[in-house]
Amino acid sequence: MHVIGRYIGALVLTMWGLAGYAQENICFSPRIRTLQVKVDGEWGKPSVMLLSQGHGVEISFDDLQAQYERYTYTITHCNADWTPSDLLTSDYMTGFAEQRIDDYEPALGTEVKYCHYWLNLPNRDTQLLVSGNYRVDIFEDGEEEPVAQACFSVLEPRVGVDIDVTANTDIDTFDSHQQVNFTVNHRGYAMSNPVTELKYIVIQNRRWDNHVENLRPTLMQVDRLIFNHNRALIFDAGNEYRRFEMLDEYVPTMRVEHMEFDGDYYHAVLYDDAQRINYLYDEDQNGRYLVRNGDNVENDTESDYFFTHFTLKMPKVAGGEVYLFGDLTNNRMEERYKMEYNLIDHQYELVVPLKQGSYNYMYMFKRDDEEVGLTRPCEGDFHLTENEYEVYVYHRPFGERYDRLVGFRKIKSK
């Protein structure tokens, strides 16, 4: 069996058993790779689009088989906690509940044969009518279980959000944590009771394992709600993401030690990584990746998949597992991204098929009895780390059937 077949075969037994939060992008089928959500055609922009004409999202993915597969999708409006809202389909969108993905293109000149699919929202058949969270489930035609889900939010800006990030926390000062403070200005926006009607979600680097919700303001002023010195908003600072780049089938590029071809597929062997004990400054992209090849032409269909070899040299950590982590794993600690420990060479190892491009990544430790990943064991936590924080503000008036997204702000810590 070819390498790609062995990789898929090893995972197919667990594909439907992958538990996940509804607010995450998830590839349930191991055939589906490089699932991306792009807002207004801009790489790196948060998955939040404005509820007005001229704005939209593109959802794209690859199917690691050469032949065309008919795919359909459904759209579900969700509450602030990403449970489905009580709205009828006709309340939040126009068009049919299930629609076909018509746009696709096969890969050209690659060793790994795949088809690239994409869909745009809104489109001529579908308009989104209300703000809030949206989940798109993608199905093989005729199947009941989705092969993937993609999530984004639609914003109707009604309140202002100001954010501040400081290393002066109630846990330590200029050490290993960062404190998020924010203020919501609702002047001019009519609400009966802002304290009970508004909901908040705070996210670090698009991670949902350590997101914060169920917040209450620490101070209330006229037209302002203030969230300062809230212990729930203290985050592990982590370290800058590691980086590598693989653009050419034969020439090693940034952090790639050497390239190999096994007769069927290409392999990219990265330089060994080491456990971090100090802060290391780097111009990272906070966990993102960018698909591109050496020619930077037809990146979506002419970029090949390389079996990418990761090695982390460090003592084995007891009581949990180490995972490859970042947007390349959809910021999820799944079985397919769990690293195996080599007792002979004293190192963690993992091989993952990745599309050509520039990548950020880190190593995340998860204890056996917890769901939140820890950066400290592999990467360390340092207050100097530049992280991205996003604050979402939702509003549900009394008697309403859904949560509107009325405020959003992203900031980078400095």
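Modeller: Residues are numbered from 1 along each chain as its sequence is written, and side-chain values use heavy atoms, with hydrogens and water left out. In this predicted model, local features need pLDDT of at least 70 and side-chain atom pairs count only at pLDDT 80 or more, while totals for chains, interfaces and linings use all residues.

Biologist: Happy to start! How many helices and strands does the protein chain have?

Modeller: Helices (H or I, at least four residues) and strands (E, at least two) are DSSP runs, numbered from the N terminus. On that basis, the secondary structure comes to 4 helices and 29 strands.

Biologist: What is the radius of gyration of the protein chain?

Modeller: The radius of gyration is taken over C-alpha atoms, and the globule rule is 2.2 Å times the number of residues to the power 0.38. For 414 residues that rule gives 22 Å, and the chain comes close to this, so it is as compact as a globular protein of that length. The radius of gyration is 22 Å.

Biologist: What share of the residues of the protein chain count as buried?

Modeller: Buried means under 20% relative accessible area, exposed over 50%, and partly exposed in between (1.4 Å probe, protein chains only). Of the 414 residues, the buried share is 56%.

Biologist: Which residues are joined by a cis peptide bond?

Modeller: Look at the loop between β8 (115–121) and β9 (132–140), where proline 122 lies. Omega is about -5° at the cis bond, which joins leucine 121 and proline 122.

Biologist: Where is arginine 255, and is it buried or partly exposed?

Modeller: Phi of arginine 255 is near 65°, a positive value in a residue other than glycine. Arginine 255 has its place in the loop between β18 (242–246) and β19 (256–261). With a relative accessibility of 31%, arginine 255 counts as partly exposed.

Biologist: And which residues is asparagine 330 in contact with, leaving aside its neighbours within four places in sequence?

Modeller: Asparagine 330 lies in the loop between β24 (320–325) and β25 (340–342), and its phi is near 55°, a positive value in a residue other than glycine. The relative accessible area of asparagine 330 is 16%, so this residue is buried. Contact means heavy atoms within 4.5 Å. Leaving those neighbours aside, asparagine 330 is in contact with Asn25, Ile26, Cys27 and Leu35.
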